[in-house]
Amino acid sequence: MAATATSGTAVVTLPSDTEILITREFNAPRDLVYTAYTTPDLIKRWWAGERGEVTVAEVDLRVGGMWRYAMTANRGFEVAFHGEFLEIVPNLRIVSTEAFEGMPDSGESVSTLSLSEADGRTTLTLLSRYPSREIRDVVISSGMEGGLQEAFDDLEEVAISLS
């Protein structure tokens, strides 16, 4: 029987004044979630959710390597983020910086992605640390959770399609 996707199940919490923690379970094995999360052609299929079209998905998946994602939003403007990989443990953990190009003065956040698997299902946790509470609050108030839910729903569908 083919795996079926879940929908809108990411949980967003604020463990400290400068952090956002996202937890989401996927109905797919960890290696497939990791592949979908790190492969440029696959990132183009999920990163924008329903909010637009990914125009750039560049990934130099090595410590010190850079990444950049950009999309044309449905309203016609570009949204882009970039960063550097600080730590990579394939299929388990990625630590990277992230900067929103629309707010270059906001500094970089540091995100830690962790993947664990049980019974063919993967739990993804993504902890993002921001330079200040103010920047974290701007991110929270930006509508990021709605876009995140859509993107992670699409990420799950892409991971399932790889099996």
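These are my notebook entries on one predicted protein model.

**Ground rules**

I worked on a predicted model, where local features need pLDDT of at least 70 and side-chain atom pairs count only at pLDDT 80 or more, while totals for chains, interfaces and linings use all residues. Residues are numbered from 1 along each chain as its sequence is written, and side-chain values use heavy atoms, with hydrogens and water left out.

**Overall layout**

I started with the secondary structure, taking helices (H or I, at least four residues) and strands (E, at least two) as DSSP runs numbered from the N terminus. The protein has four helices and eight strands. From the N terminus on, I read the order as β-β-α-α-β-β-β-β-β-β-α-α. The radius of gyration is 15 Å, close to the 15 Å that the globule rule gives for 163 residues, so the protein is as compact as a globular protein of that length. For that entry the radius is taken over C-alpha atoms, and the rule is 2.2 Å times the number of residues to the power 0.38.

I also noted that the C-alpha trace spans about 50 × 35 × 30 Å along its principal axes. Next I looked up burial, with buried meaning under 20% relative accessible area, exposed over 50%, and partly exposed in between (1.4 Å probe, protein chains only). Buried residues make up 42% of the 163 residues. For contacts I used heavy atoms within 4.5 Å. Among contacts with a separation of 6 or more, 47% are between residues 24 or more positions apart.

**Core and helix α4**

I then looked up the nonpolar core, defined as a set of buried Ala, Val, Leu, Ile, Met, Phe, Trp, Tyr and Cys residues joined through side-chain atoms within 4.5 Å. The largest such core has 40 residues, and those with the most contacts inside it are I22, W46, W47, L124, F152 and L155. Helix α4 (residues 144-161) supplies the largest share of this core, eight residues. In soluble globular proteins, nonpolar side chains tend to be buried together.

Helix α4 has 18 residues, of which 13 are buried, and I put it down as mostly covered. From its first C-alpha to its last, α4 reaches 25 Å, close to the 26 Å expected at 1.5 Å a residue. The expected span is 1.5 Å times one less than the number of residues.

I checked two residues by number. L155 touches F26, V33, A36, Y37, W46 and L124, not counting residues up to four places away in sequence. E156 is found in α4, and I list E156 as buried because its relative accessible area is 0%. With residues up to four places away left out, E156 touches A5, T6, R24, E25, F26 and N27.

**Aromatic rings**

For ring pairs I took Phe, Tyr and Trp (its six-membered ring) with centres within 6.5 Å; planes under 30 degrees apart count as stacked, over 60 as edge-to-face and the rest as tilted. By this rule I get seven aromatic pairs. W67 and Y69 form a tilted pair, 4.8 Å centre to centre and with 50° between the planes. W67 counts as buried at 7% relative accessibility, and Y69 is buried at 9%. W47, W67, Y69, F81 and F100 form one aromatic cluster.

I also looked for a charge over a ring, which requires NZ of Lys or CZ of Arg within 6 Å of the ring centre and within 35 degrees of the ring normal. The charged end of R24 sits over the ring of F26, 4.6 Å from its centre.

S96 is found in strand β6 and is buried, with a relative accessible area of 11%. Leaving aside neighbours within four places in sequence, I find S96 in contact with W67, E84, F85, L86, S109, V110 and S111.

Which phi does N91 have? The phi of N91 is positive, about 70°, although N91 is not a glycine. N91 lies in the loop between β5 (78-89) and β6 (93-100) and is partly exposed at 27%. D119 has a positive phi of about 55° and is not a glycine. D119 lies in the loop between β7 (109-118) and β8 (121-129), and D119 counts as exposed at 84%.

**Before β1**

Last, I looked up T9, in the segment before β1 (11-13). T9 counts as partly exposed at 37% relative accessibility. Not counting residues up to four places away, T9 touches T23, R24, E25 and Q149.
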